Amino acid sequence: MLGHEGIGVVRTLGSSCKMLQVGDTVGVTWIRDSCACCDPCLEGRENLCDKGYQGVYLGPGAGCWGKDPHHEFGGCFSKVMRIEEKWAIKVPDGIPPQVACPLICGGGTVFEAVCDYVQQGSRVAVASIGGLGTAAIKFSKTFGAHVTALSRGEGKRDKCLAIGADEFFPCLGDAEKMAELAGKFDLIIDTSPANADVGPYMTMLKFNGTYCRVGIPLANDMQFTFEYIPLIFTQKKIAGSIVTGTRRMKRMLQLTSDQLGTYGKDPEEWQAKVVPFDDVNKVMTELKEGKNQNNYRYVLKW
């Protein structure tokens, strides 16, 4: 997400700050405010705020999740940001920026789904392997799941197996190949932004399984349909998940720090390229034209 996540160094503290010190490295997620008084907020799950949180770079097109009409805060594209201490999440020492930056938003998005649905021994499929998909594979494995990576072709097989996937199937977009995996998974985490037919995914689920969508389609392509009878009689579930709140964000970063050999020993595993902020237009063009095949993520550095 452009401008939705970033890390920086604390330079100045207000008189009420108690948890941070000047010089701390902190991450800023795409949530910068919430009501702070509903049950989810009090539990550190501000992503489920009853009144809708304020995104760090979300305008009114996002409804109650983007209340600021002018993007006046600039998101994490800002060189200097002022933010309440609660929303500046301390990044444990040792986590490289190539790892920390993608985790602060994309990592938190799939971590939320993994926390909600993955148990020891779960059979999990991760559909569409990119920035979110690679994080979903790693977190699902840490939670004890058997993980299958689903892609359209063979190009990402070696990458997926190298980062921990137990199996790889090039089946997406081919209903017959997807049908070969019928009843195989407890959970499917779909990270694709394309609005594909949900039916083949539901076939791949076990009874009582969950299809969890984290990839967001275009605003003009948001609707999908599915029949009630197979949903009711198999007790399968269609769910969505968005970036996690402060409690799980801290848990995710601590997990990453505790298992740095898995998550941060080799930043190249995350395929995040650090580039000067002056190259932002070049990076945007590469993303738009799909020329970023060797880089799932770009980290812009001032």
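Q: What share of the contacts in the chain with a separation of 6 or more comes from residues 24 or more positions apart?
A: In this predicted model, such residues account for 61% of those contacts.

Q: How many helices and strands are there in the chain?
A: The chain contains 10 helices and 13 strands.

Q: And how many of the residues count as buried?
A: The chain has 302 residues, and 48% of them count as buried.

Q: What is the accessible surface of the chain, and what part belongs to carbon and sulfur atoms?
A: The accessible surface is about 15,400 Å². Carbon and sulfur atoms hold 51% of that area.

Q: Turning to salt bridges, how many does the structure hold?
A: The structure holds 12 salt bridges. One of them joins R248 to E112, with the closest N and O atoms 3.2 Å apart.

Q: Where do R248 and E112 lie?
A: R248 belongs to helix α8, residues 246-258, and E112 to helix α2, residues 97-117. The two are 136 residues apart, and the pair links distant parts of the chain.

Q: Are those two buried or exposed?
A: Both R248 and E112 are buried.

Q: Which residues are linked with them in a network of salt bridges?
A: The network consists of R45, E112, D116 and R248.

Q: What about D190, which residue does it form a salt bridge with?
A: D190 forms a salt bridge with R213, and their closest N and O atoms are 3.4 Å apart. D190 sits in strand β9 and R213 in strand β10, residues 205-213, so this pair ties together parts that are 23 residues apart in sequence. D190 and R213 are both buried.

Q: And K184, which residue does it form a salt bridge with?
A: The partner of K184 is E167, with 3.7 Å between the closest N and O atoms. K184 is in the loop between α5 (175-179) and β9 (185-190), while E167 is in strand β8 (residues 167-170), so the pair ties together parts that are 17 residues apart in sequence.

Q: What of K159, is it buried or exposed?
A: K159 counts as buried because its relative accessibility is 18%, and the limit for that class is under 20%.

Q: Where does K159 lie?
A: K159 is part of helix α4, which covers residues 157-162. The C-alpha atom of K159 is 9.4 Å from that of I129, a residue 30 positions away along the chain.

Q: Changing topic, how many cavities of 30 Å³ or more does a search of the whole structure find?
A: The search finds 1 cavity of that kind. The largest cavity has a volume of about 50 Å³.

Q: Which residues line the largest cavity?
A: Its lining is made of T29, I31, W87, I89, T244, G245, T246 and M249. By class, the lining has 4 nonpolar residues, 4 polar residues and no charged ones.

Q: And the second largest pocket, what is its volume?
A: The second largest pocket has a volume of about 290 Å³. There are 18 residues in its lining, and R152, L172, G173, S192 and Y201 lie nearest its centre.

Q: How does the lining of the second largest pocket divide by class?
A: It has 7 nonpolar, 5 polar and 6 charged residues.

Note on methods: Residues numbered from 1 in each chain as written. Predicted model: local features only at pLDDT ≥ 70, side-chain atom pairs only at ≥ 80, totals over all residues. Heavy atoms only, no water. Helix = DSSP H or I, 4+ residues; strand = E, 2+ residues; numbered from the N terminus. Buried < 20%, exposed > 50% of the residue type's maximum accessible area, 1.4 Å probe, protein only. Contact = heavy atoms within 4.5 Å. Areas by Shrake-Rupley, 256 points an atom, 1.4 Å probe, with all protein chains shown as cover. 1 Å grid on protein atoms, 1.4 Å probe; cavity = no way out; pocket = protein on both sides within 12 Å on 5 of 7 lines; lining within 4 Å. Points joined across faces, edges and corners; volume = space filled by probe spheres on them. Nonpolar A, V, L, I, M, F, W, Y, C, P; charged D, E, K, R; others polar. Salt bridge = Lys/Arg side-chain N within 4 Å of Asp/Glu carboxyl O.
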